[in-house]
Amino acid sequence: MLGESKAFSGFSVDDTAAAKRFYGETLGLHVTEADGMLELHLATGARVFVYPKRDHRPAAFTILNFPVADVGKTVADLKARGVSFESYDMPGLKTDEDDIFRGGGPHIAWFTDPAGNILSVLAE
């Protein structure tokens with residue numbers, strides 16, 4: 001029934017101005033704004049709706065994954081732009097000194113947006 005729908009995803013933030021700077025300037029995404037809300041235009045042609053929510057709570061899971069050719073280089077480049085990466089040290093999930101998980105599956109590194117939502121870069 002909805003197979004032909006042009007569905008899209010969305011998530012909330014507590015500060016759309018900070019989100020616009022982060023997604024547009026820091027991450028380099030094409031971001032548009034209308035009526036106090038943002039739309040992220042991804043390279044795949046997909047779009048993601050970002051809306052303000054007064055009682056925002058950060059997602060406790062990864063909301064957006066960015067496949068990249070070189071995780072290590074991307075992490076280093078993002079760190080140079082001021083992005084802080086998550087560091088994990090628990091059974092089955094241990095990141096290395098570069099904050100990259102290399103323990104099975106694609107190499108992946110997690111970071112948060114200004115609203116605390118979790119994002120990742122992972123090997124294509």
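Reader: Let's start with phenylalanine 49: how accessible is it?
Author: This is a predicted model, and in it phenylalanine 49 is partly exposed, with a relative accessible area of 28%.

Reader: How are the rings of phenylalanine 8 and phenylalanine 49 arranged?
Author: They form an edge-to-face pair, because their planes stand at 75 degrees, with the ring centres 6.2 Å apart. Phenylalanine 8 is in the segment before S1 and phenylalanine 49 in strand S4, so the pair ties together parts that are 41 residues apart in sequence.

Reader: Which residue lies over the face of phenylalanine 8?
Author: That's arginine 47, at 4.7 Å from the ring centre.

Reader: Nice. How many aromatic pairs are there by this rule?
Author: The count is 8. One of the pairs joins phenylalanine 101 and tryptophan 110, which is tilted, with 6.4 Å centre to centre and 40 degrees between the planes.

Reader: Are phenylalanine 101 and tryptophan 110 buried or exposed?
Author: Phenylalanine 101 is buried, at 12% relative accessibility, and tryptophan 110 is buried as well, at 13%.

Reader: Which residues make up the aromatic cluster?
Author: Phe11, Phe22, Tyr23, Phe85 and Phe111 form one cluster.

Reader: Switching to the core. How many residues are in the largest nonpolar one, and which have the most contacts inside it?
Author: The largest nonpolar core has 27 residues, and those with the most contacts inside it are Tyr23, Leu27, Leu29, Leu40, Phe85, Phe111 and Val121. The elements giving two or more residues to this core include helix H1 (16–26), helix H2 (71–80) and strand S9 (118–123). Another core lies apart from it, with 6 residues, among them Phe101, Ile108, Trp110 and Ile118.

Reader: What does phenylalanine 85 touch?
Author: Leaving out residues up to four places away in sequence, phenylalanine 85 touches Val75, Leu78, Lys79, Asp99, Ala109, Trp110, Phe111 and Val121.

Reader: And where is leucine 29?
Author: Leucine 29 is in the loop between H1 and S2, and it counts as buried, at 17% relative accessibility. With residues up to four places away left out, it touches Tyr23, Gly24, Leu40, Leu42 and Phe66.

Reader: How do S2 and S3 run, and how many bridges join them?
Author: S2 and S3 run antiparallel and are joined by 5 bridges. Within that pairing, glutamate 33 has leucine 38 in S3 as its bridge partner.

Reader: What about the sheet with 3 strands?
Author: It is open and mixed, in the order S5-S9-S8. S5 and S8 are at the edges with a single partner strand each, so one side of each is left without a neighbour in the sheet.

Reader: Which residue stands opposite threonine 112?
Author: Isoleucine 118 in S9 does. S8 and S9 run antiparallel, with 5 bridges between them.

Reader: Last one: which strands does H2 touch as it packs on the sheet?
Author: H2 touches S5, S8 and S9, and its direction makes about 140 degrees with that of S9.

How values were computed
Residues are numbered from 1 along each chain as its sequence is written. This is a predicted model: local features need pLDDT of at least 70, side-chain atom pairs count only at pLDDT 80 or more; totals for chains, interfaces and linings use all residues. Side-chain values use heavy atoms; hydrogens and water are left out. A nonpolar core is a set of buried Ala, Val, Leu, Ile, Met, Phe, Trp, Tyr and Cys residues joined through side-chain atoms within 4.5 Å. Buried means under 20% relative accessible area, exposed over 50%, partly exposed in between (1.4 Å probe, protein chains only). Helices (H or I, at least four residues) and strands (E, at least two) are DSSP runs, numbered from the N terminus. Contact means heavy atoms within 4.5 Å. Rings of Phe, Tyr and Trp (its six-membered ring) pair if their centres lie within 6.5 Å; planes under 30 degrees apart count as stacked, over 60 as edge-to-face and the rest as tilted. A charge sits over a ring if NZ of Lys or CZ of Arg is within 6 Å of the ring centre and within 35 degrees of the ring normal. Two strands pair if DSSP finds at least two bridges between them. Axes are lines fitted to C-alpha atoms, for helices over the stretch in contact, and angles run from 0 to 180 degrees between N-to-C directions.
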